[in-house]
Amino acid sequence: MRIHRPLLSSLSFAAAGAALATVLAAPAHSAEVPTAGVFYVQSALTGLNAADSGGAVVQRNPKGNEDRQQWRLRPSGASYVLESTDAAGNCLGRSAGQARTVTCTSADASWEIAPAGTETGADQYRLKVPGSDQYLTLGAKPSGANYPAQLVVGSAGSPAAWYLTPVTSPTSPLPSPDQRTLDQVTFLTSHNAYANGVDGGFAPPFVNLVPNQSRGINQQLTDGVRGFMMDIHQTSDGAILCHNSCTLVSRPVALWVDIQRMVDFLKRNPSEVVTVFLEDYVDPGVLRSELARVSGLSDVLYRPDQTGVRTKGWPRMADLIAANDRLLIFTDHSRSSDQSAGLTRDSFGVMYQREWTVENYWSMGSGVGSSDWSCYSRWYDANTNIPLTSAAPPFRPLFVMNHFRDAAIASTATTDNAKLTDRAQRFCQPAARKKPNFLAVDRYDLGNPSSAVATLNTYAY
């Protein structure tokens, strides 16, 4: 049918008016807010998650799908609600200035959600009470204490910045070997690698009954271990590998001996990369002298502080290999104490771990009985706050994931190591908003932790 032109114009204007009315009536949701889904509401300041605790909303150690920490984000009118996945109909809301779970139909369940701003970092949001200048935030931090557990409603600022971290981690295939960067790769790491009962003594005889590993350093290297955690203590003989104390240790091993083993391995295997983590109780001068005894160390030692990592991000593995920068050494020692001593460890190539890595709390519990799989920063206390989520793009710290107990009971390590993939992906990966780079275990020969490394090395976060 032929339409008369004036009629067509009238219909066009009418359709446009109807469309405009629809737009004006629709909720004005920010395109920068994540689409509906299930998230952790995670403090950008502490890295801890908002959790329902009997109606109070408190920050807790990230614990996967346990502990009522998952929230379903969905639009509600012109705002959003976050419904508990454990209690349908209850949403993260507020009452009398505190964060509480309330019925999702309540006005106190609504939040305006918008990016927190460039000053707080990417992917951070503020949850604002509609029609006010009040936000979901942390309580005031008491002197000499952590931030309180109870979440509150208060003013804007860094404590009011939140990540909406997807419960199901966003991933992509791992880039090809010539393109993948150091922070995209996962390495098998042996906790207390020196405490193996093969290379020499590491503790008084009664402690030697439960070694953390059962194979020497050379065999660990052959088996694919690429990260090594070592405790060093100072004696008249230099930096010695031992646990807690070198007293009564028979046949103790010096640090330089094991580092030499690694350097020799790297010379024989020119495409491999090795990392050492020192639990460090020696003076910087002693450590410098110890490392000076290692033949060929300077040929392979990698210095991220001299290669622009903080401004460019971590390099490609292929570039590290081509440059022969294939051995990283970290210390958990304090830079400030070294500055007081007049000699910093990074002046001779040992990096301060808290400047380059993040690390979860070291223990899952005793060697027997119940376990704690929660994943939170080892460096979160009254004096230190380095959350697992710490980042300053393009630089992202390497993530050291500890997965072991107070004591290395073989049967427990077997069970724990078999569950390594699950904990890494369900607990620690979302807790850090990054993939673990070092999976540190006791008795790596039990429970096949290498399979977890292989699985994580199929994708990038």
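This is a predicted model: local features need pLDDT of at least 70, side-chain atom pairs count only at pLDDT 80 or more; totals for chains, interfaces and linings use all residues.
Biologist: What does the protein chain hold in secondary structure?

Modeller: The count is twelve helices and 24 strands. The C-alpha trace spans about 95 × 55 × 45 Å along its principal axes. Of the 461 residues, 51% count as buried.

Biologist: What share of the contacts in the protein chain links residues 24 or more positions apart?

Modeller: Among contacts with a separation of 6 or more, the share is 66%.

Biologist: How do you know that helix α11 falls short of a straight helix?

Modeller: Compare the spans. α11 covers residues 420–432, which is 13 residues. A straight helix would reach 18 Å at 1.5 Å a residue. The end C-alpha atoms of α11 are only 16 Å apart.

Biologist: Where does α11 bend, and by how much?

Modeller: At Arg426, by about 25 degrees. That angle lies between axes fitted to the seven residues ending there and the seven starting there. A proline, Pro430, follows within four residues.

Biologist: What comes after α11?

Modeller: Arg433 does, and its phi is positive, near 55 degrees.

Biologist: Why is α11 called largely enclosed by the rest of the structure?

Modeller: Buried means under 20% relative accessible area. Ten of the 13 residues of α11 are buried, so the helix is largely enclosed. Among the buried residues are Leu420, Arg423, Phe427, Cys428 and Pro430.

Biologist: Which residues of α11 and α12 meet?

Modeller: From α11, Leu420, Thr421, Ala424 and Gln425. From α12, Pro449, Ser451, Ala452, Thr455 and Leu456. Leu420, Thr421 and Ala424 are also on the buried list of α11.

Biologist: What makes α3 oblique to α4?

Modeller: Helix α3, residues 255–268, and helix α4, residues 284–292, pack at an angle of about 45 degrees, with axes 8 Å apart. That angle again lies between the limits of 35 and 65 degrees, so α3 counts as oblique to α4. The contact is made by Leu255, Trp256 and Ile259 of α3 and Leu287, Glu290 and Leu291 of α4.

Biologist: Is the crossing of α3 and α4 left-handed or right-handed?

Modeller: α3 passes α4 in a right-handed crossing. The near helix is turned clockwise from the far one.

Conventions. Residues are numbered from 1 along each chain as its sequence is written. Side-chain values use heavy atoms; hydrogens and water are left out. Helices (H or I, at least four residues) and strands (E, at least two) are DSSP runs, numbered from the N terminus. The expected span of a helix is 1.5 Å times one less than its number of residues. Buried means under 20% relative accessible area, exposed over 50%, partly exposed in between (1.4 Å probe, protein chains only). Axes are lines fitted to C-alpha atoms, for helices over the stretch in contact, and angles run from 0 to 180 degrees between N-to-C directions. Angles under 35 degrees count as roughly parallel, over 145 as roughly antiparallel, 65 to 115 as roughly perpendicular and the rest as oblique. Contact means heavy atoms within 4.5 Å.
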